[in-house]
Amino acid sequence: MRALIVEDHAPLARQVIAALAEAGFVADHAPDGEEGLFLGETEPYDAVVLDLGLPLLDGLSVLRRWRGAGRDMPVLILTARDAWSEKVEGLNAGADDYLAKPFVMPELVARIQALVRRAHGRGRPEIALGRLVVDTGAQRVLLDGVPVKLTGLEYRTLGYLAHRAGKVVSKTELTEHLYAQDFDRDSNTLEVMVARLRKKLGEGVIETLRGQGYRLVESL
Ligand code: CA
């Protein structure tokens, strides 16, 4: 999963990025509203954390322009404490959730995970695919009830495919949701990783559809 953090307070942005990384997200950071607007318009994100008080362009304007342009990724806004009108304005502008500053990281992570689940039409954090269970809350993978050890990148790959289980995911889409913007992307790396996942989970788990992409089987 890939997130965008639009926050001008650099230490806070770093904390958010680190907390989300532990939950299996890669994140891009925009330190002002204009860069945030641009990234949100051009890159595919699974979730966005958007501060409202930003230099160059305020967060509400950024959000309105994304929604006006049909960008419908889940957005959590960061508001000032006790500013109920900001929360109302933000939600009415198309925000999916809000957190008032100061907040604790586990709450932000839990809310972002809930937004991602809902965006994929899921209510539960555990994605059960027959013998395979991907617990997106605890970032745990079980095969026949036994935990499978995965690297961070392997987990991100499986997690994304699990959210989209039964659907074909192109290599481009998968790459765009696995790596941050500044990462040197290489499609060979993806193939090697899928091969490693098959070794750990069994050959039948991830299908390759020639010229189309990958599909995680819904019932193993
Ligand atoms: Ca700010």
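**Close-up 1. F103 sits in the loop that runs between β5 (97-100) and α5 (105-119).** This is a predicted model, so keep that in mind for every view here. F103 comes out as buried, because its relative accessibility is 14% and the cut-off for buried is under 20%. What does F103 touch, leaving aside its neighbours within four places in sequence? Its contacts are L12, V16, L78 and L108. Look for R81 as well: 22 residues separate R81 from F103 in sequence, while their C-alpha atoms are 9.5 Å apart in space.

**Close-up 2. A calcium ion is held by D8, D51 and G53.** Along the sequence, the donor residues follow the spacing D-x42-D-x1-G.

**Close-up 3. Helix α2 (residues 33-42) packs with helix α3 (residues 59-68).** The angle between them is about 20°, and their axes lie 10 Å apart. That angle makes α2 roughly parallel to α3, since anything under 35 degrees counts that way. The crossing of α2 past α3 is right-handed. Which residues meet here? From α2 come G33, G36, L37, G40 and E41, and from α3 come V62, R65 and W66. Sorted by class, this contact has 3 nonpolar, 3 polar and 2 charged residues.

Key: Residues are numbered from 1 along each chain as its sequence is written. This is a predicted model: local features need pLDDT of at least 70, side-chain atom pairs count only at pLDDT 80 or more; totals for chains, interfaces and linings use all residues. Side-chain values use heavy atoms; hydrogens and water are left out. Axes are lines fitted to C-alpha atoms, for helices over the stretch in contact, and angles run from 0 to 180 degrees between N-to-C directions. Helices (H or I, at least four residues) and strands (E, at least two) are DSSP runs, numbered from the N terminus. Angles under 35 degrees count as roughly parallel, over 145 as roughly antiparallel, 65 to 115 as roughly perpendicular and the rest as oblique. A crossing is left-handed if the near helix is turned anticlockwise from the far one by less than a right angle, and right-handed if clockwise. Contact means heavy atoms within 4.5 Å. Ala, Val, Leu, Ile, Met, Phe, Trp, Tyr, Cys and Pro count as nonpolar, Asp, Glu, Lys and Arg as charged, and the others, Gly among them, as polar. Donors are N, O and S atoms within 2.8 Å of the metal (3.2 Å for Na, K and Ca); water is not among the atoms, so sites may look incomplete. Buried means under 20% relative accessible area, exposed over 50%, partly exposed in between (1.4 Å probe, protein chains only).
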